[in-house]
Amino acid sequence: MWTRKQRGRMAKIARKTKRYPSDLTDEEWARIAPLMPKPGRRGRPREVEFREVINAVRYLVRSGCGWRMLPVHFGHWRTVYGWFRELARRFLFQTIHDVELMLDRERQGREASPSAAVIDSQSIKAPHAQTRGYDAGKKIVGRKRHIAVDADGRLLMVNLTTADISDSAGAQAILDAIRKRWPWVKHLFADAAYDRLKLMDKARYLEFVLEIIRRRDGQKGFEVLPRRWVVERTFGWMIRWRRLVRDYERRIDVSTAMIHVAMGGVLIRRNAHP
């Protein structure tokens with residue numbers, strides 16, 4: 001439940017937006033406007049307004065509606081979808097997310113680049129995916145989200161696979177990506193599903209220290225585990241954006257962009273309205 005102060009803060013933010021709570025406020029747009037593609041020197045003048053494109057995409061991800069059900073004042077849905085695919089191809093949503101992540105860490109008094117991460121996975125239904133798998137443990141047909149987060153739960157990396165891929169196999173791609181994008185990460189935390197020889201060997205080769213957080217002997221029911229709980233909170237943040245409750249995308253790159261739209265939106269609002 002939100003406190004009275006939090007409800008008042010969200011109401012104040014809503015008053016600054018034009019139509020929907022998911023719309024960018026002026027402060028939020030000012031943070032990401034310099035990252036938008038510049039118009040070309042030749043050809044017709046660009047008529048699309050990128051702020052409206054971003055607002056439309058955020059509305060879609062936050063509300064969970066389909067592309068054809070976007071409100072008409074955002075413009076034609078094909079125009080919005082076309083620019084979404086173009087911006088995703090340029091990794092704009094990932095860039096916005098990563099920039100805001102580093103700024104949020106600095107605002108909290110931390111170094112911009114993290115030194116520790118927590119890895120975990122989530123199996124989720126994907127009714128329209130081009131390829132799907134069956135997770136026998138969770139009894140889910142769909143995809144699996146392998147993620148790494150920092151010590152406060154900010155998303156560092158995401159790797160989408162079919163649901164039949166094991167946690168340790170999916171994490172190997174995560175390790176490669178972390179080493180390239182977040183080179184200062186040295187310490188990793190994970191649960192017992194990641195205690196596998198190939199993963200341990202790869203972590204050692206890439207100079208990671210992989211620490212396995214195990215449940216207590218005789219533990220019954222739910223118990224908060226040190227370091228591990230932050231990644232579960234991140235999954236909770238994700239599914240508050242209703243488009244991510246399931247994986248509705250056919251393509252993995254589109255699904256990855258949707259995740260960056262959602263998690264980047266959380267960070268933009270946090271930094272613009274501390």
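Predicted model: local features only at pLDDT ≥ 70, side-chain atom pairs only at ≥ 80, totals over all residues.
**Figure 1. Cavities found in the whole structure.** A search of the whole structure identifies two cavities of 30 Å³ or more. The largest cavity has a volume of about 100 Å³, and the second largest cavity has a volume of about 50 Å³.

**Figure 2. The lining of the largest cavity.** Residues that line the largest cavity include Leu24, Ile32, Ile54, Val57, Arg58, Phe93 and Ile96. His260, Val261, Gly264, Gly265 and Ile268 also belong to this lining. By class, the lining of the largest cavity consists of eight nonpolar residues, three polar residues and one charged residue.

**Figure 3. Helices around the largest cavity.** Three elements, α3 (50–63), α5 (92–107) and α9 (252–272), each contribute at least two residues to the lining of the largest cavity. Among the contributors, α9 gives the most, with five residues.

**Figure 4. The lining of the second largest cavity.**

Figure 5. In the largest cavity, α9 gives the most to the lining, with five residues. In the second largest cavity, the largest share of the lining, four residues, likewise comes from α9.

Conventions
Residues numbered from 1 in each chain as written. Heavy atoms only, no water. 1 Å grid on protein atoms, 1.4 Å probe; cavity = no way out; pocket = protein on both sides within 12 Å on 5 of 7 lines; lining within 4 Å. Points joined across faces, edges and corners; volume = space filled by probe spheres on them. Nonpolar A, V, L, I, M, F, W, Y, C, P; charged D, E, K, R; others polar.
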